[in-house]
Amino acid sequence: MRDLLYLLLTVACFAVMLLYVRGCAALGRSSDGHASRGESERGLPS
Amino acid sequence: MNLSSTTSNGWLQIALFAVAVLLVTKPMGWYLTQVYEGRVRCLAPIERRLYRLAGVDATADQHWTAYATSLLLFSAVSMLLTYAVLRLQGSLPFNPAGLGAVADRQAFETSASFVSNTNWQSYAGESTMSYLAQATQLTFHNFASAATGLGVAVALMRGIARRGTGNGAGAGRIGNFWVDLVRGTLYVLLPLSCILALLFVQQGVPQTLDGAAVAHTLDGAVQTIARGPVASQEAIKQLGTNGGGFFNANSAHPFENPTPVSNWWSMLAIFLIPAGTVWMFGRGVGSTRHGWALWTAMFVLFIGGTSVAYWAESRGNPQHAALGVDVVGAVPGHAAGNMEGKEVRFGIANSALYAVVSTDASCGAVNSMHDSFTALGGLVPLVNMQLGELIFGGVGAGLYGMLIMVVLTVFIAGLMVGRTPEYLGKRIQQREVQMVMCYVLAFPAIVLPLTAIALVLPDGLAGLNNRGPHGLTEVLYAFTSTAANNGSAFAGLTGGTTFYNTLFGIAMLLGRFALIVPVLALAGFLAEQRIAPATAGTFPVTGPMFVALLLGVILIVGALTYFPALALGPVVEHLLMTGGRLFA
């Protein structure tokens with residue numbers, strides 16, 4: 001029974017990490033749009 | 001009476017080691033460059049067969065999400081396999097001692113520990129693990145987890161170095177996980193391990209598949225002396241910055257680390273690949289001067305930590321000297337220093353140096369008991385891990401940890417001068433900084449809450465063997481070590497319980513993979529960008545100013561994050577010790 005619990009815990013940890021990958025990818029896509037609009041000029045005026 | 005017994009001999013040994021690290025950096029880095037640029041092909045037939053067997057297209061360049069998914073799936077499957085073998089070892093071959101199944105909680109913790117390159121052990125290897133489990137699972141992970149870390153660092157290097165195409169086809173590609181895994185294992189870790197194992201055997205480390213030796217003493221008593229394939233595991237333990245020992249006493253055991261020479265080889269092996277990866281990175285991004293700047297920052301932190309630890313351990317506990325129980329040192333008029341928990345064959349200098357090297361890197365091997373260090377001496381390994389183990393660091397992990405700090409430094413420098421931050425021609429924008437912050441915040445977000453939980457729940461408090469600030473340090477050290485994938489034990493904490501085994505297992509998995517994911521994402525985001533030429537406004541990433549700023553950022557981030565916890569543990573313990581109060 002406890003073997004099953006540890007198995008589920010392991011799978012859950014890695015499943016969360018796979019979701020983390022998708023989350024980072026989504027964050028990257030949304031931020032990329034923002035960056036390309038807001039920072040098309042190289043460097044800000046000092 | 002001068003309470004400092006640091007000796008010129010001790011400093012000379014530390015200096016010789018430092019020079020050796022400097023000398024091996026470029027050759028190792030050059031070789032790593034050849035391997036990861038695909039110019040070392042002597043085992044190409046084996047490589048091809050492995051790819052064919054696994055159904056891998058070695059020519060495919062993976063998007064960072066595919067790279068991360070491959071890494072996670074490989075780690076998950078190999079962890080589950082290890083769990084199964086540990087639970088079933090009693091029914092499997094190569095078990096001459098007839099050892100039974102590893103307890104479920106320990107099997108979970110151990111499989112998480114080895115897949116994450118932590119190698120934290122809450123068991124005595126010689127009396128818990130069969131040869132099959134040691135050789136096919138634990139040693140397998142010693143290679144695979146190290147090659148995985150190396151691959152992630154190389155992937156980040158590619159992301160920085162590549163001339164991206166924006167969001168077009170081929171954007172965000174950072175290499176092939178399976179190729180990096182195989183090349184790192186076949187061309188880097190395996191050959192170096194063979195050489196180092198022979199050096200260890202020459203120093204007297206056992207390498208045998210026979211069972212324990214039975215000795216009959218002159219008094220007629222019978223002694224059972226554990227042995228086994230120690231040298232081979234010892235070699236990859238150090239080279240892969242794994243740290244998990246064949247024996248419970250780790251590198252303090254005379255069969256794992258019999259002589260000062262084997263001790264020296266061990267320390268050099270820990271820093272060999274991490275130092276080389278820094279040079280490889282400089283070469284890979286077209287600026288060896290930048291590589292040396294990173295190396296210098298690491299070296300300064302290494303020398304600083306070693307000096308503090310050596311000084312503190314040589315000074316010993318002044319209360320002992322005041323009570324007249326301090327033994328006489330080798331130098332007349334000087335204290336003997338703190339020899340509790342240290343092997344006489346290594347002495348204070350080599351114990352302090354080993355502790356620093358092992359925690360600068362994510363190795364976690366120990367040749368002395370860190371729990372027996374003075375408060376300040378024990379603070380150094382703890383801080384080394386809390387800074388993110390970026391002082392040469394774990395194989396691959398040290399470099400990518402340092403590069404995260406570099407990006408943060410460049411970002412802060414950009415804000416200071418009011419320009420869009422750039423790093424080697426790549427702009428550091430919102431999403432890059434978001435990934436850096438995910439990395440920087442993840443580690444303390446694992447360590448501090450878990451430490452707090454353990455310090456208030458009865459199951460956590462039940463593991464404490466020391467009262468006061470030292471007890472707090474033991475728990476803080478344990479969660480820092482597991483989440484940092486170091487694996488060294490402060491000792492003094494009874495960690496072989498369901499509570500600690502389970503929490504440590506979770507800390508190790510999150511501490512490894514929740515940090516690797518943002519690193520790979522950062523690599524992918526940078527790989528998408530085109531390289532912009534440097535201008536007069538580009539922040540220089542070579543030279544003393546950059547190194548000083550980088551060191552400042554590392555120390556400030558570390559201090560801000562962990563100082564309150566450290567103040568309650570080793571700092572207050574030191575202050576109370578100087579005031580005459582000790583804790584049992």
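**Contacts along chain B.** I looked up the contacts in chain B between residues at least 6 apart in sequence, and 79% of them join residues at least 24 apart; two residues are in contact if their C-beta atoms, placed from the backbone, lie within 7 Å. The model is predicted: local features need pLDDT of at least 70, side-chain atom pairs count only at pLDDT 80 or more, and totals for chains, interfaces and linings use all residues. Residues are numbered from 1 along each chain as its sequence is written, while chains are lettered from A and ligands numbered from 1 in the order in which they are written.

**Burial.** I find that 57% of the 584 residues of chain B count as buried, that is, with 20 or more other C-beta atoms within 10 Å of their own.

**Helix α18(B).** I noted 19 helices and 6 strands in chain B, taken as DSSP runs (helices H or I, at least four residues; strands E, at least two). Of the 31 residues of α18(B), 28 are buried.

**Core.** I next looked up the largest nonpolar core, which has 182 residues; such a core is a set of buried Ala, Val, Leu, Ile, Met, Phe, Trp, Tyr and Cys residues joined through C-beta atoms within 7 Å. Leu520(B) is among the members that touch the most others. Helix α18 of chain B, residues 498–528, gives the most to this core, with 21 residues. Leaving aside residues up to four places away in sequence, I find that Leu520(B) touches Trp64(B), Tyr67(B), Ala68(B), Val152(B), Ala155(B) and Ile174(B).

**Contact between chains.** I record 23 residues from chain A and 32 residues from chain B in the contact.

Methods
Buried ≥ 20, exposed ≤ 12 C-beta atoms within 10 Å, placed from the backbone.
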